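Colleague: I have a model open and would like to learn how to read its features. Could you walk me through a few of them?

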Amino acid sequence: MTVETLDGPPTLGVLYGRALLTARSGGSTLPDRRLDLPGVRIDASLVADYDHVCGFSVGGVVPPTYPHMLAFPLQMRLMTDREFPLPAPGMVHLRNVITQQRPPEVGEPLRVAVHADHLAAHPKGAQVDLVTAVTDADDVEIWGSRSTYFVRGAPAPDDEPSAAPEPDPQVGRLPHAVWRIPGDIGRRYAAVSGDVNPIHVNGLAAKAFGMPGTIAHGMWTKARVLAALAGRHGPAFTVDVVFKAPVRAPSKVYLHTAEADGGWDAKLVSPKGKDHLLLTLRDA
Amino acid sequence: MPPTSSSAASSRPTLPRRAAIVGANRIPFARSNGAYARASNQDMLTSALDGLVARFGLAGERLGEVAAGAVLKHSRDFNLTRESVLGSRLSAATPTYDVQQACGTSLQTAVLVANKIALGQIESGIAAGVDTTSDAPIEVNDELRRVLLAANRAKSTAGVLKALAGLRPGQIVPEIPANREPRTGMAMGEHAAQTAAAWGISRTAQDEITVASHQNLAAAYERGFFDDLMTPYLGLTRDNNLRADSTLEGLAKLKPVFKPAGYPDTEATMTAANSTPLTDGAATVLLASDEWAAERNLPVLAHVVDAETAAVDYVHGDEGLLMAPAYAVPRMLERNGLTLQDFDFYEFHEAFASTILATFAAWEDPIFCKERLGLDEPLGSFDRAKLNVVGSSLATGHPFAATGARIVPTLAKLLHEKGSGRGLISICAAGGQGVVAILEA
């Protein structure tokens, strides 16, 4: 695999624009290259903006979902290349697994590396994994994630979808919280994440991509659930989330949580009982 | 005491001692956006304090302290109690502090004042609470607030303009405080509805509690029970939530509110009548050492024996938001070698009729008492004829922070009337907390 070292983070707006406007050649195989961004330093003020939108407390540890903010522009850079087999606009996040050895610290030099993996058929299209590793100054991986994205109707090699069993949270019948998802949450999360995917910020565009209306970013819902579990888990853990159905904005969802052996289980469900998000967190 | 103790030390009373409840004053409680719509927390608290000063001849007196609080508070009222005392006829040399523990506020301030008296740190003090849901603080939209604060922090005109570029029309919509738990997004009534459903509390049982509360309060007014506990305010002489003619048949006609989340098939049982309404009001209670009261020829109605505060994990645990008193009471009973049946009066804050019924059901349930409280035997039941005998929050209304300072003197006076005895106070509070206390005469 070739490694391309970047000297700065790509600009997401430009990438989306390019993805929407340029013709893709849409190769059938994944690019055999890794994007590396060295010398990344987490900015306390940007983390505070993120904390405000996701419900984390400002000045605490860097939220476990925050390094995704560093990785996402690199993921987009890979996925908006003309040769990338799947189109980026309208892409939906299906699953995200984060393994954190320790929380990154504000200001420490980090290297973010991203590559694509496992292009596979999905019953309704195609899916691909984007793998991220965040390493510290000693070249030790402190945070890693695997994001699975789905594109409706896209062709894919007839490969088996990723085999790891989905999280199966065991929670009680009673909701622990009732969340009213604000109608502007897509716009607000886009402002802090740079993820201006039209399905989150524009109702008409969302419908054009087969959504019922604007939907909340999957990573926002994951962050929001982890914020609700703040203080209840250790610094090293794996948190596995499946996004079963998009959460519309605005809408009402129920949060169910339960302490599990060595961690926590959680679910976001609609008031009628439809699963939106399944989460398991296991301490290392 | 070592023999070397100075004579000054030996003149001190034997400590700790039990703090005395001398008397009280409150203003009638008013339904929200009614009689007190234009009165602020500071207005009501000052008025209630001045009524207490007049009743006990405390004008110009320097008390040990005044501890009070409000739940819904304007940011300008950071020193609410101090400002109220400065505007009252008490000596300006009386120190104060503000406390906020939701509906437990003024029972907690009574405990704080009583403890300082018990330790000999002060001889007298006032515990109080006040709340208005009419003159409530309205916050600017959170995003607008952040934009304005960023503009305020900017050091140059360009910086100010850049910050103000974040203004959006939607930010004009203000945020009105809601009776909602921040971590669960559920209104207190929705939490209570879940607990009621979990314990299978019936609509009829809730309505019975409600009717009793109104009838008992009406009868207490008729016999003049509140004459020396209350001062009229803004045209009110009685709590205007009181419906003396409440009947079970009438209450049965009300439509339920507060559907319990997670119980799609359970019938909603909680109505506007068997839930406390939003109310405005203030209450104060005077506590002192026996010596302080005797020097002034003031009565001692009862003494504070003990208190306990509990908290439960209603966020991710499986306990109801308002169930903390179910945990606090047995801990306090154990410490005092008492059983649930050892009381002459039971003063339970009726946040919702279903809340106290769920608490009673829990204490009768061997599984709850074993698994949650760690008790071999359930606490059991008690004689309901001794419950809230002069009415409680369902009838009086419930200005959140004022409720403890209403209940403490009510129980103290009941014990004083009886001549001797023991009473239990229980108040549940937002945030999964609960404050309970024992008084004796």
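**Aromatic rings in chain B**

Modeller: Let us start with one aromatic cluster, which is formed by B:Phe343, B:Tyr346, B:Phe348, B:Phe360, B:Trp363 and B:Phe382. A word on conventions: the model is predicted, so local features need pLDDT of at least 70 and side-chain atom pairs count only at pLDDT 80 or more, while totals for chains, interfaces and linings use all residues. Residues are numbered from 1 along each chain as its sequence is written, chains are lettered from A and ligands numbered from 1 in the order in which they are written, and side-chain values use heavy atoms, with hydrogens and water left out.

Colleague: How many aromatic pairs are found over all chains?

Modeller: Rings of Phe, Tyr and Trp (its six-membered ring) pair if their centres lie within 6.5 Å; planes under 30 degrees apart are stacked, over 60 edge-to-face, and the rest tilted. The search of the whole structure gives 16 such pairs. One of them joins B:Tyr346 and B:Phe382, stacked with 3.9 Å centre to centre and 15° between the planes.

Colleague: Which parts of chain B does that pair tie together?

Modeller: Helices (H or I, at least four residues) and strands (E, at least two) are DSSP runs, numbered from the N terminus. B:Tyr346 sits in strand 8 (residues 345-348) and B:Phe382 in the loop between helix 13 (366-371) and helix 14 (393-396), so the pair ties together parts 36 residues apart in sequence.

Colleague: Are B:Tyr346 and B:Phe382 buried or exposed?

Modeller: Buried means under 20% relative accessible area, exposed over 50%, and partly exposed in between (1.4 Å probe, protein chains only). B:Tyr346 counts as buried because its relative accessibility is 1%, and B:Phe382 is buried at 9%. B:Phe382 also pairs edge-to-face with B:Phe360, at 5.1 Å centre to centre and 90° between the planes. That pair links distant parts of the chain, 22 residues apart, with B:Phe360 in helix 12 (residues 353-364).

Colleague: Which rings does B:Arg26 lie over?

Modeller: A charge sits over a ring if NZ of Lys or CZ of Arg is within 6 Å of the ring centre and within 35 degrees of the ring normal. B:Arg26 lies over the face of B:Phe29, at 4.2 Å from the ring centre, and over the face of B:Phe226, at 5.7 Å.

**The chain as a whole**

Colleague: What does the radius of gyration say about chain B?

Modeller: The radius is taken over C-alpha atoms, and the globule rule is 2.2 Å times the number of residues to the power 0.38. For 441 residues a compact globule would have a radius near 22 Å, and the 23 Å of chain B agrees. Chain B has 15 helices and 10 strands, and 56% of its residues are buried.

Colleague: And what share of the contacts in chain B joins residues 24 or more positions apart?

Modeller: Contact means heavy atoms within 4.5 Å. Among contacts with a separation of 6 or more, residues 24 or more positions apart account for 79%.

**Single residues**

Colleague: Which polar contact does the side chain of B:Ser134 make with another side chain?

Modeller: A polar contact is a pair of N or O atoms within 3.5 Å; within protein, one must be able to donate a hydrogen and the other to accept it, and residues adjacent in sequence count only if both atoms are side-chain atoms. The partner of B:Ser134 is the side chain of B:Asp280, at 2.5 Å. A polar atom of the B:Ser134 side chain also lies 2.6 Å from the backbone nitrogen of B:Asn33. B:Ser134 itself is buried, at 18% relative accessible area, in the loop between strand 5 and helix 5 (142-153).

Colleague: What is the phi of B:Asn33 near?

Modeller: Most residues other than glycine have a negative phi, and most peptide bonds are trans. B:Asn33 has a positive phi, near 60°, and counts as exposed at 58% relative accessibility. B:Asn388 also has a positive phi, about 45°, but B:Asn388 is buried, at 2%.

Colleague: Where are cis peptide bonds found?

Modeller: One runs from A:Ala249 to A:Pro250, with omega near 0°, and another from B:Leu15 to B:Pro16, with omega near -5°. A:Pro250 lies in the loop between strand 8 (237-243) and strand 9 (251-260) of chain A.
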